[in-house]
Amino acid sequence: TVYLSTSSSAINGVTMAYAGTTPERAQETLDVMMQELKGIKGSVKPEELDRSKANIKASLVMAQESSASRASSNASDWWWLKRIRTLDEIQQGIESVTANLLDDYFTQYPCDKPMVVTLGSKELKLN
């Protein structure tokens, strides 16, 4: 099992990666995850970005069907922006993301000092 999520606010951001594996493959799993995170700059293909945008927009539209989800989104907007964004504004923001902007971000915030927490019977080394 491999999972990655992100969370951000006006003052900080977090990317969390999780992998469940056997003790025998734990070090290899950590090494591969770190290699992928460190090598992400320049690796995002236009078709991957397009698929991601489509998934985000579909999730956004589906979330509009839930009163609780919409209320949470509005509360978050109000807390961080002091205003409520329109659906069109959010969609424009999604569309404005380019591979170059992502690469600029990965340059500014490289994955060079991660916090690593492991659970298991073997000690792992961050290479």
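Modeller: Let us begin with Lys57, which is partly exposed at 25% relative accessibility.

Biologist: Why is Lys57 called partly exposed?

Modeller: Buried means under 20% relative accessible area, exposed means over 50%, and partly exposed is in between, with a 1.4 Å probe and protein chains only. Lys57 has 25% and therefore counts as partly exposed. This is a predicted model, in which local features need pLDDT of at least 70 and side-chain atom pairs count only at pLDDT 80 or more, whereas totals for chains, interfaces and linings use all residues. Residues are numbered from 1 along each chain as its sequence is written, and side-chain values use heavy atoms, with hydrogens and water left out.

Biologist: What makes the pair of Glu95 and Lys57 a salt bridge?

Modeller: A salt bridge requires a side-chain nitrogen of Lys or Arg within 4 Å of a carboxyl oxygen of Asp or Glu. The closest N and O atoms of Glu95 and Lys57 are 2.3 Å apart, so the pair meets that definition. Glu95 belongs to helix H4 and Lys57 to helix H2, so the bridge ties together parts that are 38 residues apart in sequence. Glu95, at 41% relative accessibility, is partly exposed.

Biologist: How many salt bridges does the structure hold?

Modeller: The structure holds five. Among them is the bridge between Asp77 and Arg85, with 2.9 Å from N to O. Another joins Arg83 and Glu89, with 2.5 Å from N to O.

Biologist: Is Asp77 buried or exposed, and how do you know?

Modeller: Asp77 has 3% relative accessibility and therefore counts as buried.

Biologist: What makes the phi of Lys82 worth a remark?

Modeller: Most residues other than glycine have a negative phi. Lys82 is not glycine, yet its phi is positive, near 65°. Lys82 lies in the loop between helix H3 (67–81) and H4. With a relative accessible area of 53%, Lys82 is exposed.

Biologist: Which residues line the second largest pocket, and what is its volume?

Modeller: Its volume is about 300 Å³. The lining includes Ser43, Glu48, Lys53, Gly93 and Leu102. Helix H2 (46–63) and helix H4 (87–95) are the elements that give two or more residues to this lining, and H2 provides the largest share, with five residues.

Biologist: How do the residues of that lining divide by kind?

Modeller: Six are nonpolar, three are polar and two are charged. Asp, Glu, Lys and Arg count as charged, so Glu48 and Lys53 are charged members of the lining.

Biologist: Which residues make the nonpolar surface patch?

Modeller: Tyr3, Val14, Met16 and Tyr18 make this patch of about 400 Å². Strand S2 (residues 13–19) gives the most to the patch, with three residues.

Biologist: What is the accessibility of Tyr18, a member of strand S2?

Modeller: Tyr18 is at 42% relative accessibility and therefore counts as partly exposed.

Biologist: Where is Pro110 found?

Modeller: Pro110 is in the segment after helix H5 (99–108), and at 43% relative accessibility Pro110 counts as partly exposed. The C-alpha atoms of Pro110 and Gly39 are separated by 9.5 Å, although the two residues are 71 residues apart along the chain.

Notes: 1 Å grid on protein atoms, 1.4 Å probe; cavity = no way out; pocket = protein on both sides within 12 Å on 5 of 7 lines; lining within 4 Å. Points joined across faces, edges and corners; volume = space filled by probe spheres on them. Helix = DSSP H or I, 4+ residues; strand = E, 2+ residues; numbered from the N terminus. Patch = residues over 30% accessible without salt bridge, like charges linked within 9 Å, V, L, I, M, F, W, Y side chains within 5 Å. Areas by Shrake-Rupley, 256 points an atom, 1.4 Å probe, with all protein chains shown as cover.
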